[in-house]
Amino acid sequence: MKLYIDTANLADIEEIASWGVLSGATTNPTLLSQVEGDEDDIYRRICEIVDGPVSAEVVADDVPTMISEGQRLAAIDPRIVIKLPTTREGLSATSALARDGIRVNMTLCFTANQAILAASAGASFVSPFVGRYDDINEDGLGHLLEIVEAFAASDFDCEVLAASIRTPVHVMEAARMGSDIATIPPKVFHQMLHHPLTAQGIDKFNEDHAARLSRKDA
Ligand code: G3P
């Protein structure tokens with residue numbers, strides 16, 4: 001499974017990119033609203049930091065504007081992927097942009113049938129939201145599994161990009177079921193990495209190393 005980062009915060013992207021674990025990034029209007037600066041400049045900077053697909057979301061809700069805005073955003077950098085909602089307008093714009101050779105990530109996807117339509121329209125990625133199901137007491141991972149299984153049985157040229165990730169367990173379970181990608185908030189990356197026994201073990205190793213050095217110098 002490939003790991004993308006789900007944020008527009010450049011400092012967070014630089015930090016996690018320095019770990020050498022990132023294959024891409026995703027943003028959305030909410031994430032962009034949390035950072036200052038020109039939207040296109042932010043996308044350019046993310047493309048400089050992350051050498052992989054960078055999803056930029058179109059905000060329009062009519063097909064012609066979705067297409068023109070998608071074409072404009074795609075021209076920023078070859079790594080830009082256009083994010084469109086899994087709606088009838090989004091499907092029409094996706095098929096038009098895909099015919100133009102522009103990669104699309106269909107987002108706000110919640111069911112296997114929505115994902116099947118997205119792939120059939122020519123989307124390169126589909127983003128099933130996991131956490132927003134959990135937020136309403138439903139089984140987000142179960143819905144993701146339905147999509148992963150349907151795609152495994154089909155010959156879609158479309159990657160499953162697990163999104164709305166809330167916890168390290170979401171990441172682990174997405175990997176275990178065979179999702180192609182998970183897009184992960186910075187906070188969850190840190191939660192994935194930290195373990196108290198690792199920290200404890202480093203302290204002990206350092207103490208023992210220091211004790212040996214002090215004996216040697218005695
Ligand atoms: O960016 C798409 C998705 O990851 C957003 O997730 O946390 O707003 O449900 P969230």
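How many aromatic pairs does the count come to? The count comes to five aromatic pairs. The model is predicted. A ligand sits in the largest pocket. This briefing takes the ligand site, then the rings.

**Ligand surroundings**
- Eight residues are named around the ligand: Asp6, Asn28, Lys83, Phe129, Arg132, Ala163, Ser164 and Arg166.

- Asp6 places a polar side-chain atom 2.5 Å from an oxygen atom of the ligand.
- In Asn28, an N or O atom of the side chain is 2.8 Å from a ligand oxygen atom.
- For Arg166, the distance from a polar side-chain atom to an oxygen atom of the ligand is 2.8 Å.
- On its own, the ligand has 310 Å² of accessible area, and the protein covers 85% of this.

**Aromatic pairs**
- The distance of the centres and the angle of the planes describe a pair of aromatic rings.
- Trp19 and Phe189 have ring centres 6.3 Å apart and planes at 85°, so this pair is edge-to-face.

Note on methods:
Residues numbered from 1 in each chain as written. Predicted model: local features only at pLDDT ≥ 70, side-chain atom pairs only at ≥ 80, totals over all residues. Heavy atoms only, no water. Near = heavy atom within 4 Å. Polar contact = N/O pair within 3.5 Å; in protein donor to acceptor, adjacent residues only side chain to side chain. Areas by Shrake-Rupley, 256 points an atom, 1.4 Å probe, with all protein chains shown as cover. 1 Å grid on protein atoms, 1.4 Å probe; cavity = no way out; pocket = protein on both sides within 12 Å on 5 of 7 lines; lining within 4 Å. Sits in = over half its atoms within 2 Å of the grid points. Phe/Tyr/Trp six-rings, centres within 6.5 Å; stacked < 30°, edge-to-face > 60°.
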